Every structure is written in structure tokens, then in C-alpha cells.
Amino acid sequence: MRMSQWDEGHTLAGWTGFAIATVGATGSGLGLCTGSALGLWGGLGVVLIGVLTTWALHLAGWGKPPGRRPVDEWGWRVRDLGAREGHPGCLGCRLAGRGRPAGVPARVGGDAGRDGTGTGEAVTESAL
């Protein structure tokens, strides 16, 4: 029996990023302790690679959105098929241009302020 129904981070993307970041943090720590700038910055570079790898795997469907999920989606090897549209409220998806922040209405008809086309009026989900 699992303790949390939120299941944050228990994904292939999360564990892969954690493993890469752990190697990078260890290398960076060793570089700091030995006085090696190359080791310090090399380790921080590996941590950055871990962050980018986690983000790429999340966007490919191997990460999961924040919030509650059904028990059958708790497994860390379960792929999220809704990742292409983006997860509401997910910073990683918003940075990739997917989805939109939770609670923010969609805009229709383009940006009226720049090119003069469309109204730029907000609409609700039901109007889409």
C-alpha cells in the first residue's frame, strides 16, 4: 500500500534525472573538496544535463503531471499519453510551449494589439 496518492516524481523521467544529477553533484562536491575548478564546473554541467534529460523525458510522456492520479497510473514505467497537449499548471510544459497555466483562459483570434487581426477576447474551456 502506498502512503501518498500524489505519487510525485515516481517516474522514469524523475529517476533518470535523479541518477544523473547525483553523479553531477558528487563530481561537483569532489571538485570543490579537491580545489579543482574543472571538477566543480564539470559536475555542475552534468547536473544541468540531468535537468534537461528529465525535462525531455517528461515531454516525451515519461513524466507525469502534478496532482492525484488513478492507482493504475502510479507505476513509474507507465507512460503519460496526454503529455503532447501539455499538463495544466505544469511549468515544464509551459516552458516547452505546451498547455497553459491552470486557471488562465485561452485567447482566440490572435493578438489584436500587434497585427490588428482577431479580437483577443478571452474564452472559457466550453467555448473551445
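Biologist: How many helical turns, roughly, separate W15 and F18 in helix α1 (residues 12–34)?
Modeller: This is a predicted model, where local features need pLDDT of at least 70 and side-chain atom pairs need 80 or more, while totals for chains, interfaces and linings use all residues. Residues are numbered from 1 along each chain as its sequence is written, and side-chain values use heavy atoms, with hydrogens and water left out. W15 and F18 sit three residues apart in α1, so the separation is about one helical turn.

Biologist: What geometry does the aromatic pair of W15 and F18 have?
Modeller: The structure holds one aromatic pair, and W15 with F18 is that pair, at 5.9 Å centre to centre and 90 degrees between the planes. Rings of Phe, Tyr and Trp (its six-membered ring) pair with centres within 6.5 Å; planes under 30 degrees apart are stacked, over 60 edge-to-face, the rest tilted. That makes W15 and F18 edge-to-face.

Biologist: And by relative accessibility, what does W15 count as?
Modeller: Under 20% is buried, over 50% exposed, and in between partly exposed (1.4 Å probe, protein chains only). W15 has 44%, so this residue counts as partly exposed.

Biologist: Which element gives the largest share of the nonpolar patch?
Modeller: The patch is L48, V51, L52, W55, L91 and L95, together about 590 Å² of accessible area (Shrake-Rupley, 1.4 Å probe). Two elements give two or more residues each, α2 (37–62) and α3 (91–95). Four residues, the largest share, come from α2.

Biologist: Is L95 buried or exposed?
Modeller: L95 is found in helix α3. Its relative accessibility is 60%, so L95 counts as exposed.

Biologist: Which element has the lowest mean pLDDT?
Modeller: pLDDT is the predictor's confidence per residue, from 0 to 100. The chain averages 77, with 70% of residues scoring at least 70. Helix α1 has the highest mean among the elements, 95, and the lowest, 46, belongs to strand β2 (residues 122–123).

Definitions and conventions
Patches are made of residues with over 30% relative accessible area and no salt bridge: like charges are joined within 9 Å, nonpolar side chains (Val, Leu, Ile, Met, Phe, Trp, Tyr) within 5 Å. A salt bridge is a side-chain nitrogen of Lys or Arg within 4 Å of a carboxyl oxygen of Asp or Glu.
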